[in-house]
Amino acid sequence: MLHSKVSRIAATVAVVALGALCEPSVFAQAAEASAPAARRAAAGDPGPRDPGRWLLTGWSGFPTDYWQGATSDGRSLFFTGFFSGLWRTTRQGLRVDGRPQAIPADVAAAYGFNHIGDPSFDRAGGGRLLLPLECYVPGRGNTCGQGAIAVADPDDLSWRYLVLLDRSEIAKAMWVEVDPSGKYAWTSSGRDLLAYRTSAIARSHAAPRGAPLRAARWLVGAVPPSGVTGGAFVGSRLFLAGQDAGFAIWSIDTTSGERRLEVALDAVAGESEGLVTTRVFGGELNWLIAPLATRPTFGRWVAMLHLVRARGRPGLKVSARLVSQRGAFGGVGRQAKVVVRVTRRGRAVAGAAVTFAGARARSDRRGRAQLVVTTAVPGRYAALARHGALRGMSQRIAIGPPAPATVARALP
């Protein structure tokens, strides 16, 4: 995922510093197609059609430091990027810690590793962050031909050690995800999915003395047509995001290798990055899209798209109105008050479950619900209402200015 962007990165960084958020219909018309999407359109191929399994309820804008990927321990969010940074935020997006260069200088000098991909949180041993590593130099490509998985401390983001991966099986590690059992850490090599025993990602196997790990499981040809830029488990299925054959998320049965399409975006200007499964800003499954485009679809920040399962059938009319917002995005964050109304065939719907950017309420006898959201990052969100077997979603409302952070933003 890094290779396609490096030749254009300088121009992109200049553009990222200014601009406004677009308001596209995400599953229909987008502001600008990505280069792969444009090529498919010219060839008469619109890409995969969204199967309607998930709803996009909104997106949040994060600093471009958080370009590569994300994971969560259920309390905090962890991000990687721009190349080799590691960052921790609250669930409201407030940055509380960060290391712009998380790879120690001696490790980079010894092995050439200079890039961290989409990470994973492993609950073993009280909790640890797994960081996929690769080497890349613009104009020279993959300079070491080897991947590794590093271990970092989730509390202070300090480096612990790294375990090399057998270069005959994998030439670089761009993402890693621990399965629900905690036994395997999955990644990919070409069109294949590989899994390593998490028990083998241990200090006893750490470089330089430990021998490179070999995969414990191998699913040949299981990588979906869109490729992989990041992964996350939803239940027992491995969800993989990519954009090689259209912006899409596929899920994989890691026992059989069977896959199915979960989400497809019609045309997006940007770059697919990591996935994280956690309940944040109203999402269950959250997808990072980096602003690698002249006019990025989701604005000139790293957008975290928030998706929820499409339970029920459409049938409710939902409107939302921003009543007030106060506070700044530094400190404790900005507080926004939103009023939502739910109707069906012109009549108020009482008792509907309403959510907005993670806040929850029930509609009253007039079909109204008032929700208060506190967030440390700007975004654009829709109110989602469910009542019995019916659902409905409002237009999206902007909270805060659309101005992005710049690359290498200083810690507060």
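The model is predicted. Its largest nonpolar core has 39 residues, and strand β24 (residues 334-344) gives the most to this core, with four residues. A search of the whole structure finds 13 aromatic pairs, and the structure holds one disulfide.

**Nonpolar cores**

- Within the largest nonpolar core, the residues that touch the most other members are Phe-79, Met-304, Val-340, Val-342 and Phe-356.
- Another core, of 21 residues, lies apart from the largest one. Among its members are Phe-239, Val-263, Val-268 and Ile-289.
- With neighbours within four places in sequence left aside, the contacts of Val-340 include Val-318, Ser-319 and Ala-320. Val-354, Gly-367, Arg-368, Ala-369, Leu-371 and Ala-383 are also in contact with Val-340.

**Strand β24 and its partners**

- Strand β23 (residues 317-326) runs antiparallel to β24 and is joined to it by nine bridges. Here Val-318 stands opposite Val-342 in β24, and Val-342 is one of the core residues named above.
- Strand β28 (residues 368-375) also pairs with β24 in the antiparallel sense, over eight bridges. Val-340 stands opposite Ala-369 in β28, and Ala-369 is among the contacts of Val-340.
- Strand β25 (residues 347-348) is joined to β24 by two bridges, and the two strands run antiparallel. The bridge partner of Thr-343 in β25 is Ala-348.
- The hairpin of β24 and β25 has two residues between the strands, and Arg-345 in this hairpin takes a positive phi near 55°.

**Aromatic pairs**

- A pair of aromatic rings is described by the distance of the centres and the angle of the planes.
- The rings of Phe-62 and Tyr-66 have centres 6.0 Å apart and planes at 40°, so this pair is tilted. Phe-62 and Tyr-66 are both buried.
- The rings of Phe-62 and Phe-79 also form a tilted pair, because their planes are at 40°; their centres are 5.0 Å apart. Phe-62 and Phe-79 are both buried.
- Phe-62 lies in strand β1 (residues 54-62) and Phe-79 in strand β3 (residues 77-80), so their pair ties together parts that are 17 residues apart in sequence.
- Ring pairs link a cluster made up of Phe-62, Tyr-66, Phe-79, Trp-87, Phe-281, Phe-356 and Tyr-381. Of these, Phe-79 and Phe-356 are also named among the residues that touch the most other members of the largest core.

- An open sheet of four strands, with antiparallel pairing, has the order β11-β12-β13-β14.
- At the edges stand β11 (177-178) and β14 (217-219), each with a single partner strand, so one side of each is left without a neighbour in the sheet.
- Strand β13 (residues 192-197) pairs with β14 in the antiparallel sense over three bridges. Leu-193 stands opposite Leu-219 in β14.
- The loop between β13 and β14 contains Ala-207. Residues up to four places away in sequence aside, Ala-207 touches Tyr-111, Leu-162 and Leu-164.
- The C-alpha atoms of Ala-207 and Ala-148 are separated by 9.5 Å, and these residues are 59 residues apart along the chain.

**Disulfide**

- A disulfide is a covalent bond between the sulfur atoms of two cysteines.
- In this model the disulfide joins Cys-135 to Cys-144, with an S to S distance of 2.0 Å.
- The torsion about the S-S bond of Cys-135 and Cys-144 is about 90°, so the disulfide is right-handed.
- Cys-135 and Cys-144 are both buried.

**Glu-262**

- Glu-262 lies in strand β18 (residues 259-264). Glu-262 counts as buried because its relative accessibility is 2%, where the cut-off is under 20%.
- The side chain of Glu-262 makes a polar contact with the side chain of Arg-260, at 2.6 Å.
- Neighbours within four places in sequence aside, Glu-262 is in contact with Asp-50, Pro-51, Arg-53 and Trp-54, among others.

How values were computed
Residues numbered from 1 in each chain as written. Predicted model: local features only at pLDDT ≥ 70, side-chain atom pairs only at ≥ 80, totals over all residues. Heavy atoms only, no water. Core = buried A, V, L, I, M, F, W, Y, C linked by side-chain atoms within 4.5 Å. Buried < 20%, exposed > 50% of the residue type's maximum accessible area, 1.4 Å probe, protein only. Contact = heavy atoms within 4.5 Å. Pairing = 2+ DSSP bridges. Disulfide = S-S within 2.5 Å. Polar contact = N/O pair within 3.5 Å; in protein donor to acceptor, adjacent residues only side chain to side chain. Phe/Tyr/Trp six-rings, centres within 6.5 Å; stacked < 30°, edge-to-face > 60°.
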